[in-house]
Amino acid sequence: MFKAKILVVGPVKSGKTTMANFLGDATEAVGGEYSPTQGVRILEFESGTVDVSGRAVTCEVELWDCSGDMKFEACWPALQRDVSGVMLVFDAEQASHARELEAWHTAFVLQPRLQESQCLLVAHHKPGSDASRPLPGLGVALSKLPLVISDLEEAPESLSEEFRAFLGRLVSSMSDSRDREELSIVGS
């Protein structure tokens, strides 16, 4: 069985906790008054089966819901240790979030040298927002990442399906890495 550590990062008030609760089937209240995440909150769950090269594989998931507050920046290196993938989340109605994402992308994708396949960009539409509104412009590096438009009110199954596909890519990458490591051991 594979174990995937996925960081959920992005600007303050972008919907990271709501998304993490939804994906992890957390029982905590999703709505209500805004309560910022302090540091990090970890949700652990089993993925069910994901498709990896035509095989059904189960994966244990650690979803790390990271605070968007820059006062926790000193903790980022510890959060990044042994990471399998990163979900960059932003509020689709906040143009400033698209600009802030560049810094999150640099810190959590470029510096730790993650591949594009290890990333998922999520444009989150909060309840009551206009999901038909066009997204703010994204930089060149961000536009290369797989993008999911999340609307948990109208189409929650879409986010679930995209997350399972993302998890399948991560597990495939981990499987390939494990195979290369085993071959190098055998070849020694």
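Biologist: Which residues of the largest nonpolar core touch the most other members?

Modeller: In this predicted model, the core has 27 residues, and those that touch the most other members are Ile-6, Val-61, Leu-63, Met-87, Phe-163, Leu-167 and Val-171. Two or more residues each come from strand 1 (2-9), helix 1, strand 2, strand 3 (55-66), strand 4 (85-91), strand 5 and helix 5. Helix 5 gives the largest share, seven residues.

Biologist: What makes such a set a nonpolar core?

Modeller: The members must be buried residues of nonpolar kinds, joined through side-chain atoms within 4.5 Å. In soluble globular proteins, nonpolar side chains tend to be buried together.

Biologist: Which residues does Leu-167 touch, leaving out those up to four places away in sequence?

Modeller: Leu-167 touches Ala-4, Ile-6, Ser-47, Val-50, Cys-59 and Val-61. There is also a second, separate core of 22 residues, which includes Val-9, Val-83, Ala-92 and Leu-114.

Biologist: Why is Gln-118 called buried?

Modeller: Its relative accessible area is 13%, and buried means under 20%; therefore Gln-118 counts as buried. Gln-118 lies in the loop between helix 3 (95-110) and strand 5 (119-125). Beyond its neighbours within four places in sequence, Gln-118 is in contact with Ser-84, Gly-85, Val-86, Phe-166 and Leu-170.

Biologist: How far does the backbone oxygen of Ser-84 lie from a polar atom of the side chain of Gln-118?

Modeller: The distance is 3.1 Å.

Biologist: Why is Ala-155 described as partly exposed?

Modeller: The relative accessible area of Ala-155 is 25%. Ala-155 and Asp-176 are 21 residues apart in sequence and 33 Å apart in space, C-alpha to C-alpha.

Biologist: Which residues line the second largest pocket?

Modeller: Its lining consists of Leu-23, Gly-24, Asp-25, Phe-45, Glu-46, Ser-47, Val-50, Ser-160, Phe-163, Arg-164 and Leu-167. Strand 2 (40-52) and helix 5 (156-187) are the elements that give two or more residues to this lining. The pocket has a volume of about 170 Å³, and by class its lining has five nonpolar, three polar and three charged residues.

Biologist: Which residues of helix 1 are buried, and what phi does Asp-25 take just after this helix?

Modeller: In helix 1 (residues 16-23), the buried residues are Lys-16, Met-19, Ala-20, Asn-21 and Leu-23. Asp-25 takes a positive phi of about 55°.

Conventions: Residues are numbered from 1 along each chain as its sequence is written. This is a predicted model: local features need pLDDT of at least 70, side-chain atom pairs count only at pLDDT 80 or more; totals for chains, interfaces and linings use all residues. Side-chain values use heavy atoms; hydrogens and water are left out. Buried means under 20% relative accessible area, exposed over 50%, partly exposed in between (1.4 Å probe, protein chains only). Helices (H or I, at least four residues) and strands (E, at least two) are DSSP runs, numbered from the N terminus. On a 1 Å grid over the protein atoms alone, a cavity is a set of points where a 1.4 Å probe fits but cannot get out, and a pocket is an open set with protein on both sides within 12 Å along at least five of seven lines; lining residues have an atom within 4 Å of a point. Grid points are joined across faces, edges and corners, and a volume is the space filled by probe spheres set on the points. Ala, Val, Leu, Ile, Met, Phe, Trp, Tyr, Cys and Pro count as nonpolar, Asp, Glu, Lys and Arg as charged, and the others, Gly among them, as polar. A polar contact is a pair of N or O atoms within 3.5 Å; within protein, one must be able to donate a hydrogen and the other to accept it, and residues adjacent in sequence count only if both atoms are side-chain atoms. Contact means heavy atoms within 4.5 Å.
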